[in-house]
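Here's a quick briefing to read with the model open beside you. Take the topics in any order you like.

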Amino acid sequence: MVNDPAHLVVMGVSGSGKSTVAELLAARLRRPFAEADEFHPPENIDKMAAGEPLTDDDRWPWLRTMRDWLTAQSALHQPAIVTCSALRRVYRDVLREARGTVLFVHLSGDPALVGERIGDRSGHFMPASLLPSQYQTLEPLGTDERGVTVSVEGTPEEITTEVIDGLGLGAEPTSWPGGSQHGVD
Ligand SMILES: Nc1ncnc2c1ncn2[C@@H]1O[C@H](COP(=O)(O)OP(=O)(O)OP(=O)(O)O)[C@@H](O)[C@H]1O
Ligand SMILES: O=C(O)[C@H](O)[C@@H](O)[C@H](O)[C@H](O)CO
């Protein structure tokens with residue numbers, strides 16, 4: 001539908017900077033913002049905190065709640081931003097079922113750098129020991145998937161600017177969704 005909003009899902013492995021970058025994006029683009037972790041049932045959080053990776057079956061209902069949150073934002077004609085690991089293409093397919101357009105921002109980096117950042121982080125339930133399983137599960141964006149892939153090597157501000165430029169959102173809110181990478185047209 002032409003007037004449906006285009007949402008952004010900031011994706012990537014744990015510690016790739018999704019919360020950090022999404023918060024900056026939400027401030028710069030003046031959009032509502034939600035965190036995937038807010039949508040997990042307590043059992044999922046307990047499982048990850050205990051060092052056990054989630055299974056597909058743990059993730060399906062969680063993905064559907066985020067899909068429905070995006071659809072609710074569309075009903076308000078509000079383009080939104082949500083963080084979500086969205087590691088596999090089939091997970092992203094669930095999010096793409098949301099009403100409106102769903103674009104993915106993949107924060108991509110090597111395990112050593114991301115591991116270092118997780119090691120320096122405190123007060124988060126997700127243990128660094130789960131990082132290898134996150135990379136094993138990760139399927140990067142396909143060339144036919146709409147969105148942009150950016151390196152996590154820069155500062156959060158640099159990454160945010162790269163995302164905005166890569167998606168052609170510099171003139172938000174009037175020019176959405178311009179730009180062109182990974183099938184954004
Ligand atoms: N570009 C960056 N440069 C340096 N440090 C960063 C950068 N991005 C994030 N960090 C730091 O790395 C850590 C992980 O970032 P963040 O919590 O945003 O990742 P995340 O992908 O949301 O993680 P999770 O999925 O586990 O919640 C934090 O301590 C954050 O301050
Ligand atoms: O799919 C997953 O395994 C989960 O979403 C994890 O990635 C965590 O929720 C998150 O990254 C930690 O905050």
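**The ligands and what surrounds them**

Helix α1 is the top contributor to the shell around ligand 1, giving three residues. Keep in mind that this is a predicted model. The predictor puts the complex at an ipTM of 0.97 and a pTM of 0.92.

- Ligand 1 has 17 residues around it, and the closest are S14, G17, S19, T20 and R117. The elements that supply two or more residues to this shell are α1, α5 (111-120) and α7.
- By class, the shell around ligand 1 comes out as nine polar, four nonpolar and four charged residues.
- Which residues sit around ligand 2? They are S14, A36, D37, L54, R59, S85, L87 and M126.
- The ligand 2 shell splits into four nonpolar, two polar and two charged residues.

**Confidence**

- The average pLDDT of the protein chain is 91, and 90% of the residues score at least 70.
- Residues 174-181 are the stretch to treat with care: pLDDT is below 50 there. In the model, that stretch still has 18 contacts beyond near neighbours in sequence.

**Overall layout**

- The protein chain has five strands and seven helices. Reading from the N terminus, the order is β-α-β-α-α-β-α-β-α-α-β-α.
- Of the 185 residues in the protein chain, 37% are buried.
- Take the contacts between residues at least 6 apart in sequence: 76% of them join residues at least 24 apart.

- The largest nonpolar core has 39 residues, and V9, V10, L95, V105 and V163 touch the most other members.
- Leaving out residues up to four places away in sequence, V10 touches K18, V21, A22, I81, T83, V105 and L107.
- L8 belongs to strand β1 (residues 6-11). Is L8 buried or exposed? It has 28 other C-beta atoms within 10 Å, and 20 or more is the mark for buried, so L8 is buried.
- Apart from neighbours within four places in sequence, L8 is in contact with L25, I81, L103 and V105. I81 and V105 are also on the list of residues that V10 touches.
- L8 and A22 are 14 residues apart in sequence, with their C-alpha atoms 9.0 Å apart in space.

**Helix α7, one side in and one side out**

- Helix α7 covers residues 156-166, and its buried residues are I159, T160, V163 and I164. Viewed down the helix axis, these fall within an arc of 135 degrees, so they line one face of α7.
- What covers the buried residues of α7? The cover includes α1 (18-29), β4 (101-108) and β5 (147-151).
- On the face turned away from the buried side, α7 carries the exposed residues E157 and E158.
- V163 is one of the residues that touch the most other members of the largest nonpolar core.
- After α7 comes G168, with a positive phi near 70 degrees.

**W69 on α3**

- W69 is in helix α3 (residues 56-75). It counts as partly exposed because it has 19 C-beta neighbours inside 10 Å.
- Setting aside neighbours within four places in sequence, W69 is in contact with A34 and V82.
- W69 and E38 are 31 residues apart in sequence and 11 Å apart in space, C-alpha to C-alpha.

**Two loop residues with positive phi**

- As background, most residues other than glycine have a negative phi.
- H77 isn't a glycine either, and its phi is positive at about 60 degrees. Where does H77 lie? The loop between α3 and β3 (81-83) holds H77.
- H77 counts as exposed because it has 10 C-beta neighbours inside 10 Å.

Technical notes:
Residues are numbered from 1 along each chain as its sequence is written. Chains are lettered from A and ligands numbered from 1 in the order in which they are written. This is a predicted model: local features need pLDDT of at least 70, side-chain atom pairs count only at pLDDT 80 or more; totals for chains, interfaces and linings use all residues. A residue is buried if 20 or more other C-beta atoms lie within 10 Å of its own, exposed if 12 or fewer, and partly exposed in between; C-beta atoms are placed from the backbone. Helices (H or I, at least four residues) and strands (E, at least two) are DSSP runs, numbered from the N terminus. The arc is that of the directions from the helix axis to the C-beta atoms. Two residues are in contact if their C-beta atoms, placed from the backbone, lie within 7 Å. pLDDT is the predictor's confidence in each residue, from 0 to 100. A nonpolar core is a set of buried Ala, Val, Leu, Ile, Met, Phe, Trp, Tyr and Cys residues joined through C-beta atoms within 7 Å. A residue is near a molecule or strand if its C-beta atom, placed from the backbone, lies within 6 Å of it. Ala, Val, Leu, Ile, Met, Phe, Trp, Tyr, Cys and Pro count as nonpolar, Asp, Glu, Lys and Arg as charged, and the others, Gly among them, as polar.
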